[in-house]
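Morning, everyone. I'll go through some helices, some sheets and a few single residues.

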Amino acid sequence: MADGVLGLGSSGSTGLSQDVIDKLKAAERKAKVEPIEKRLEDWDAEVDQFGTIESKVTELFNASKEFDLFKSGANAFEKVIASTSGTSVVFDATDTSNLKPGSISVNVSQLAQKDVYQSALITDKTATLGAGTITIGVGGSSYDFSTDGKTYDQLIIEMNGHPELDVALEQVSDSEYRMIIKSSDSGMANALSISQTGIDLGLNDSFTSESAFTPGDTVAGSITINGITFTNDGVSSGQTTYQDLADQINAEGTFSASFDANGKLTIASADGMTSMSVTDDTMNLGLVSNSQTLKAQNFQATIDGISYDTSLSTITLQGGLTVTGVELGTSTISLQRDTSNIQTSLEDLITKYNELSDLIYDGTTNADSKLEDKSALRSMLSGIKDIIFGTDYGTDNDKSLFNYGLNLDKTGHLSLDSAVFGDAVTNDLDNLKALFIGVAEDKGLGTKLKEYLDDLDSFDGLLTSYGDSMSKREVNLEEEKLKAITALDSKYSQLAAQFASYTAIISKFEASFSGLKQMIAETNAGN
């Protein structure tokens with residue numbers, strides 16, 4: 001008699017039962033799980049296919065911007081080309097849409113400058129300063145800075161706490177430094193006034209005339225230094241010459257005055273520590289602080305005969321053209337409309353449309369296409385065609401692109417007759433602009449197309465809805481696959497447990513049957 005009962009007994013039940021379970025499970029997985037996995041593979045392919053279409057829609061959208069009424073910057077009908085002469089200024093415009101054809105002439109007579117002062121030479125930049133006060137006036141404000149017990153770095157940090165000031169300790173030789181004090185902005189409105197009290201950093205404690213004088217020449221007028229007025233009447237008092245003025249200043253005692261070998265007049269504080277303020281110079285001595293290395297001044301220019309006097313060297317004209325002065329002299333810019341860009345932009349739009357049309361046709365008709373919502377894509381293409389093929393454009397709402405050289409072949413591809421379109425650009429530009437651009441109350445083809453394509457990616461747009469639908473399908477498929485796998489694992493795990501239980505039961509029967517067989521055999525042997 002064969003060992004085991006139905007193959008489930010002790011002689012072979014373990015191997016046979018697991019093999020049966022695996023085969024049954026594989027067969028059922030093929031029927032219940034693999035179709036879902038195939039749909040997920042198709043979903044991946046659909047994502048790629050849809051992504052290609054979406055990318056091409058974006059390209060068409062970008063091409064349509066050149067014909068958008070509300071484009072940020074110049075559209076295809078507003079672009080200009082510029083030619084310039086001269087190097088005194090740099091012309092620029094971030095948006096050329098408001099620039100008018102014509103020429104603009106600029107004559108720069110003065111560039112804007114900052115105020116810049118330097119201290120006397122500093123040999124120990126880590127030294128601690130003594131008691132004193134530096135007062136700086138700028139832009140209508142005045143600031144007092146105590147020097148008592150501070151290092152140069154500490155003083156500079158405090159000064160830079162005011163945005164109108166730009167202060168630094170600069171190394172001017174291998175072992176020497178100067179404290180440099182600048183106005184942050186250029187122009188007379190940001191001129192600095194600096195005085196020092198109780199400490200000598202070499203700031204505004206001496207002035208020298210810009211011109212040379214002959215000490216014995218006659219000069220009449222007055223000059224006020226720190227509120228003290230010195231006068232030459234040039235007639236009767238005996239105080240008539242430049243030398244007489246110097247003698248008055250020296251006699252007063254607060255300041256010293258002298259002429260150098262070239263005849264320039266220098267006036268300094270007698271103690272070397274008192275800052276000087278020169279006002280009411282009716283003698284026109286032209287005294288300049290020896291610590292002032294650059295004097296604040298405005299940008300001065302005439303633009304098309306109009307005079308400008310501003311703190312900054314950049315002027316923005318009506319229309320958005322900026323003029324930045326870089327040197328003295330005259331420059332000119334000539335502006336002309338660039339109509340050549342119109343045809344180039346339209347040809348780009350046509351190319352992008354043809355490519356998108358081919359993608360959608362293939363995706364909605366090819367049997368191998370993985371796109372599920374083909375009707376949505378057909379609807380999108382139909383909406384684009386309605387706009388491009390529209391016949392109610394132009395100044396009289398009776399024109400279409402087909403009036404200006406657009407052609408449609410039997411494959412659905414668009415092409416442009418450049419000769420016909422070029423003639424329209426030359427002779428019918430206003431009507432062409434109305435067709436493409438339009439106005440707010442009567443939008444043109446390009447404006448409508450851009451808005452339509454933009455809406456496709458809006459919150460409830462067609463492309464957004466399609467993408468959301470795809471995402472939901474992926475989630476549902478993954479959940480469906482997980483459920484199917486879990487169900488299979490559970491089912492065949494339970495079946496394996498049942499097989500094991502059956503094996504134990506049958507093994508007991510076989511053991512009992514084995515004892516019975518032995519009894520029978522013994523009985524037969526006795527007979």
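This is a predicted model: local features need pLDDT of at least 70, side-chain atom pairs count only at pLDDT 80 or more; totals for chains, interfaces and linings use all residues.

Residues are numbered from 1 along each chain as its sequence is written, and side-chain values use heavy atoms, with hydrogens and water left out.

Helices and strands here are DSSP runs, numbered from the N terminus: helices are H or I with at least four residues, strands are E with at least two.

Back to Glu 46. Is Glu 46 buried or exposed? Its relative accessibility is 1%, so Glu 46 counts as buried. The cut-offs: buried means under 20% relative accessible area, exposed means over 50%, and partly exposed is in between, with a 1.4 Å probe and protein chains only. And what does Glu 46 touch? Leaving out residues up to four places away in sequence, Glu 46 touches Lys 370, Leu 371, Glu 372, Tyr 466, Met 470 and Arg 473. Contact means heavy atoms within 4.5 Å.

Stay with H2. Its next partner is H5. Two packed helices are described by the angle between their axes and the distance between the axes. The axes of H2 and H5 come within 9 Å and cross at roughly 160°. Axes are lines fitted to C-alpha atoms, for helices over the stretch in contact, and angles run from 0 to 180 degrees between N-to-C directions. H2 and H5 are therefore roughly antiparallel to each other. For that word, the limits are these: under 35 degrees is roughly parallel, over 145 roughly antiparallel, 65 to 115 roughly perpendicular, and the rest oblique.

The crossing of H2 and H5 is left-handed. That means the near helix is turned anticlockwise from the far one by less than a right angle; clockwise would be right-handed. Who meets whom? On the H2 side, look for residues including Ile 53, Val 57 and Leu 60; on the H5 side, find Leu 349, Leu 356 and Ile 360, among others. By class, this contact has nine nonpolar, four polar and five charged residues. Nonpolar covers Ala, Val, Leu, Ile, Met, Phe, Trp, Tyr, Cys and Pro; charged covers Asp, Glu, Lys and Arg; the others, Gly among them, are polar.

Now the other packing of H5. Helix H5, residues 340-365, packs with helix H6, residues 374-388, at an angle of about 150°, and their axes are 10 Å apart. So H5 and H6 are roughly antiparallel to each other. H5 passes H6 in a left-handed crossing. From H5, the contact includes Tyr 353, Leu 356 and Ile 360; from H6, it includes Leu 377, Leu 381 and Ile 384. The class count is eight nonpolar, three polar and three charged residues.

On to the sheets. Two strands pair if DSSP finds at least two bridges between them. Five bridges join S11 to S12. Thr 224 has Thr 229 in S12 as its bridge partner.

Two loop residues belong here. Asn 226 sits in the loop between strand S11 (221-225) and strand S12 (228-232). Asn 226 is not a glycine, yet its phi is positive, about 50°. Its relative accessibility is 33%, so Asn 226 counts as partly exposed. Asp 280 lies in the loop between strand S15 (278-279) and strand S16 (287-289). Asp 280 also has a positive phi of about 50° without being a glycine. Asp 280 is exposed, with a relative accessible area of 52%.

Another open sheet has three strands, ordered S2-S21-S20, with antiparallel pairing. Which strands stand at its edges? They are S2 (89-92) and S20 (314-316), each with a single partner strand. Neighbouring strands here are turned by 15° against each other on average, direction ignored. S20 and S21, residues 322-325, pair over three bridges. Ile 315 stands opposite Val 323 in S21.

Last stop: strand S9, residues 192-197. Its covered face holds Leu 192, Ile 194 and Gln 196, while Ser 193, Ser 195 and Thr 197 make the uncovered one. S9 runs antiparallel to strand S5, residues 133-138, joined by six bridges. Thr 133 has Thr 197 in S9 as its bridge partner.
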